[in-house]
Amino acid sequence: MLRNRSASLLDKTPRSFIKDRRFVIQKAFLFSQSNPVFRQIAIFAPSKKKRMKKELLIFAACMMFVSCRQAPYYEESGSVFHTLFRIKYQSDRILTEAIDAELQAFNLSLNPFNPNSILAKVNRNEETEVDAWFTAVFNKSMEVSERSDGIFDATAAPLINLWGFGFERPDTVSPRVVDSLKTFVGYRKIRLEGNRVVKDDPRVMLNFSAIAKGYACDVVARLLEREGVENYMIDIGGEVAVKGVNPNGECWRIGISRPEEGSGLMNDEINQIVRLCERCGLATSGNYRNFYVKDGKKYAHTINTLTGYPSEQSILSATIVAPDCMTADAYATAFMAMGADAACRMAESIPEIAYYIICTGDGDTYDIRYSDRMKPMLAK
């Protein structure tokens, strides 16, 4: 972990010093002798006043100095949900254990690859009660499904598995198999009744991969805020939640990668920088990393649940900024499946989101579109 380890005499004073005024004043007096600024305060204190006033003046000056010091920024990194995460935050203490515990609890709720998670049990039709995290993700999924006319759909799990992008091994793809799976895919075939999931067909399965990483960012963000953190940046698999300022005291700057096939996390070329100056979430979805080629044809991971086949749209990358990262994550996926024109029309009815999309252009060029709300966030 990174930390500024500068310290002073007051840094080493135990918490109990608050209860013993004489001990505090003695420490403050010693500190004043080693610091020219406070030594002058001591010298110019009126000599005819009582010693107590002089001591209190030194004490107040020392407390003011300590209160003005900035807490250090820490950086955490690791892997979760089969992806990498990176978290920067400003705090007076390291929060590694609290962050790890929150991510592990989240893993037991919404990770489809964990057989003991609530999501995995729901997909196996086991009797289980869902938690608040599952409920939040489920409800947001239903909301985005409605607004996208069903193109975004968390019940697409069987189709995602079929095409080789899910948590189960794929079967042989054929029009007959696709059509058979579509009979139990559809967000209207599942609902919540209290804290239990009710399915119209037991074969209905959920996959929250298009939204869960974004929500994980929000969950960690709320944890940090409960711990008093005002400045942070959370990046889980490319989905980002931010608040406050970076270590330089400036707005957070997040890069949008140029959508080139085969680019990796460590050698991306940045297409655009987005400046985030308020609490929000940013998510980018693209078909240029997660795909495969079979018999000369490219198959990307974004599935159009209405057709049952991988989406074939001109959009290469969709970046969404929203009040929370879960919302940004869901709409980034919806944009990819809907296509540029339909997605931009949908966005007109959702004022809380801003978008930046990169589409195929003529030859080797890109066609870039962004909303009016996104424009002031784009770094020159």
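The turns that follow treat the whole protein, then a helix, a strand and the cysteines.

Q: What kind of model is this, and how are its residues numbered?

A: This is a predicted model, in which local features need pLDDT of at least 70, side-chain atom pairs count only at pLDDT 80 or more, and totals for chains, interfaces and linings use all residues. Residues are numbered from 1 along each chain as its sequence is written, and side-chain values use heavy atoms, with hydrogens and water left out.

Q: How many helices and strands does the protein have?

A: Helices (H or I, at least four residues) and strands (E, at least two) are DSSP runs, numbered from the N terminus. Here the protein has 11 helices and 16 strands.

Q: What percentage of the residues is buried?

A: Buried means under 20% relative accessible area, exposed over 50%, and partly exposed in between (1.4 Å probe, protein chains only). Of the 380 residues in the protein, 48% are buried.

Q: Is H10 mostly covered or uncovered, and what is found at the start of H10 and just after it?

A: H10 is mostly covered, since 14 of its 14 residues are buried. A polar contact is a pair of N or O atoms within 3.5 Å; within protein, one must be able to donate a hydrogen and the other to accept it, and residues adjacent in sequence count only if both atoms are side-chain atoms. At the start of H10, a side-chain oxygen of aspartate 324 comes to within 3.3 Å of the backbone nitrogen of methionine 326. Just after H10, glycine 339 has a positive phi of about 95°.

Q: Which strands are joined to strand E6?

A: Two strands pair if DSSP finds at least two bridges between them. Strand E5 (residues 232–236) runs antiparallel to E6 and is joined to it by 5 bridges, with isoleucine 236 opposite glutamate 239 in E6. E5 and E6 form a hairpin with 2 residues between them, and glycine 237 in the turn has a positive phi of about 60°. E6 and E9 also run antiparallel, joined by 3 bridges; alanine 241 stands opposite glycine 281 in E9.

Q: Are the faces of E6 covered or open?

A: Both faces are covered: Glu239, Ala241 and Lys243 on one side are buried, as are Val240 and Val242 on the other.

Q: Which cysteines form a disulfide, and where do they lie?

A: A disulfide is a pair of cysteine sulfur atoms within 2.5 Å, and by this rule the count is 1. Cysteine 251 and cysteine 277 form it, with their sulfur atoms 2.0 Å apart. The pair links distant parts of the chain, 26 residues apart: cysteine 251 is in the loop between strand E6 (239–243) and strand E7 (252–257), and cysteine 277 in the loop between strand E8 (270–276) and strand E9 (280–286). The torsion about the S-S bond is about 110°, so the disulfide is right-handed. Cysteine 251 counts as buried at 18% relative accessibility, whereas cysteine 277, at 42%, counts as partly exposed.
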